Amino acid sequence: MTPTTFTFHHKVDIQIRFNDIDMLGHVNNTKLQEYFDLGRMSYLQRIFGPAMFVDEEAIVIASMKSDFLSPVLLADKLEVLTTIFHLGNKSLKMMQHLRNVETRMVKTTCESVMVAVCKSSGQSMLIPEAWKQAIRTFEKSQELFHQ
């Protein structure tokens with residue numbers, strides 16, 4: 001199975017830790033989600049800076065789907081590639097690939113839907129235009145995103 005082609009402008013290297021490995025030398029699938037979290041956080045901090053979501057607006061994961069394409073092994077040198085490929089009114093879609101740096105083989109994919117929320121009310125809200133513009137600028141694309 002070959003993952004759909006995406007353009008990625010962000011990547012973060014992942015260090016596999018001893019605790020991530022099972023007795024067969026595989027990385028546990030729950031650890032792979034932690035790797036995606038590291039990539040997601042790094043991506044969002046790159047776009048929004050260190051003061052990310054200190055005001056009333058935040059973004060939360062509403063849905064997440066992973067496809068495990070090939071086992072991740074202790075010897076793999078890994079990176080997480082991250083992109084936002086769709087902007088809606090209140091939500092966005094993010095794609096991530098966990099890839100072997102040396103072979104460039106995609107080991108696992110993760111597609112997430114994230115929703116903008118008002119922290120004080122806990123309700124969904126429109127994605128601020130400033131966020132949309134920051135994402136479009138970082139992704140170097142205006143046409144892939146829908147209002």
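**Getting to know the fold**

User: Hi! I'm new to this one. What covers the buried residues of α1?

Analyst: Welcome! Among the elements covering the buried residues of α1 are β1 (10-14), β2, β3 (78-87), β4, β5 and α2 (129-139). Keep in mind that this is a predicted model.

User: Which residues in α1 are buried?

Analyst: The buried ones in α1 are K31, L32, Q33, Y35, F36, G39, R40, Y43, L44 and I47.

User: And how many residues does helix α1 have?

Analyst: Helix α1 covers residues 29-48, so to speak from end to end, with 20 residues. From its first C-alpha to its last it reaches 29 Å, close to the 28 Å expected at 1.5 Å a residue.

User: What is the phi of G49, which follows α1?

Analyst: G49 comes after α1 and has a positive phi, near 80 degrees.

User: Let's switch to strands. Is β5 largely enclosed or largely open?

Analyst: Strand β5, residues 106-118, is largely enclosed by the rest of the structure, because 11 of its 13 residues are buried.

User: Which strands pair with it, and in what sense?

Analyst: Strand β2 (residues 57-68) pairs with β5 in the antiparallel sense over 11 bridges. Strand β4 (residues 91-100) also runs antiparallel to β5, and 9 bridges join those two.

User: Can you give me a landmark on each side? Which residue in β5 is the bridge partner of K65, and which one stands opposite L98?

Analyst: K65 has E111 in β5 as its bridge partner. L98 stands opposite T108 in β5.

User: How many residues lie between β4 and β5 in their hairpin?

Analyst: There are 5 residues between β4 and β5 in that hairpin. R104 sits in the turn and has a positive phi of about 65 degrees.

User: Now R99. Where is it found, and is it buried or exposed?

Analyst: R99 is in strand β4. With a relative accessibility of 12%, below the 20% cut-off, R99 counts as buried.

User: What does the side chain of R99 make a polar contact with?

Analyst: The partner is the side chain of E79, at 2.5 Å. Setting aside neighbours within four places in sequence, R99 is in contact with K77, L78, E79, L81, R104, M105, V106 and K107. R104 in that list is the turn residue of the β4 and β5 hairpin.

User: What about the nonpolar core? Which residues touch the most other members of the largest one?

Analyst: Y43, L44 and L92 do, out of the 21 residues in the largest nonpolar core. At least two residues of this core come from each of α1, β2, β3, β4, β5 and α2. β5 supplies the largest share, 5 residues.

User: What is L44 in contact with, leaving aside its neighbours within four places in sequence?

Analyst: L44 is in contact with G49, M52, F53, I59, M94 and M114. A second, separate core holds 11 residues, including I14, I16, L98 and C110.

User: On to charges. How many salt bridges does the structure hold?

Analyst: The structure holds 10 salt bridges. One of them joins K31 and D20, whose closest N and O atoms are 4.0 Å apart. K31 lies in helix α1 and D20 in the loop between β1 and α1, so this pair ties together parts that are 11 residues apart in sequence. Both K31 and D20 are buried.

User: Which residues are linked with K31 in a network of salt bridges?

Analyst: R17, D20 and E34 are linked with K31 in that network.

User: Which residue meets D37 in a salt bridge?

Analyst: R40 does, at 2.5 Å from N to O. D37 and R40 both lie in helix α1, 3 residues apart, about one turn of the helix. D37 is partly exposed at 38% relative accessibility, whereas R40 is buried at 5%.

User: And where do D76 and K107 lie?

Analyst: The side chains of D76 and K107 meet in a salt bridge (3.2 Å, N to O). This pair links distant parts of the chain, with D76 in the loop between β2 and β3 and K107 in strand β5, 31 residues apart. Both D76 and K107 are buried.

User: Last one: how far apart are V117 and V72 in space?

Analyst: They are 34 Å apart, C-alpha to C-alpha, and 45 residues apart in sequence. V117 is found in strand β5 and counts as buried at 14% relative accessibility. Not counting residues up to four places away in sequence, V117 touches E56, E57, A58, V60, Q123, S124 and M125.

How values were computed
Residues numbered from 1 in each chain as written. Predicted model: local features only at pLDDT ≥ 70, side-chain atom pairs only at ≥ 80, totals over all residues. Heavy atoms only, no water. Buried < 20%, exposed > 50% of the residue type's maximum accessible area, 1.4 Å probe, protein only. Helix = DSSP H or I, 4+ residues; strand = E, 2+ residues; numbered from the N terminus. Pairing = 2+ DSSP bridges. Expected span 1.5 Å × (residues − 1). Contact = heavy atoms within 4.5 Å. Polar contact = N/O pair within 3.5 Å; in protein donor to acceptor, adjacent residues only side chain to side chain. Core = buried A, V, L, I, M, F, W, Y, C linked by side-chain atoms within 4.5 Å.
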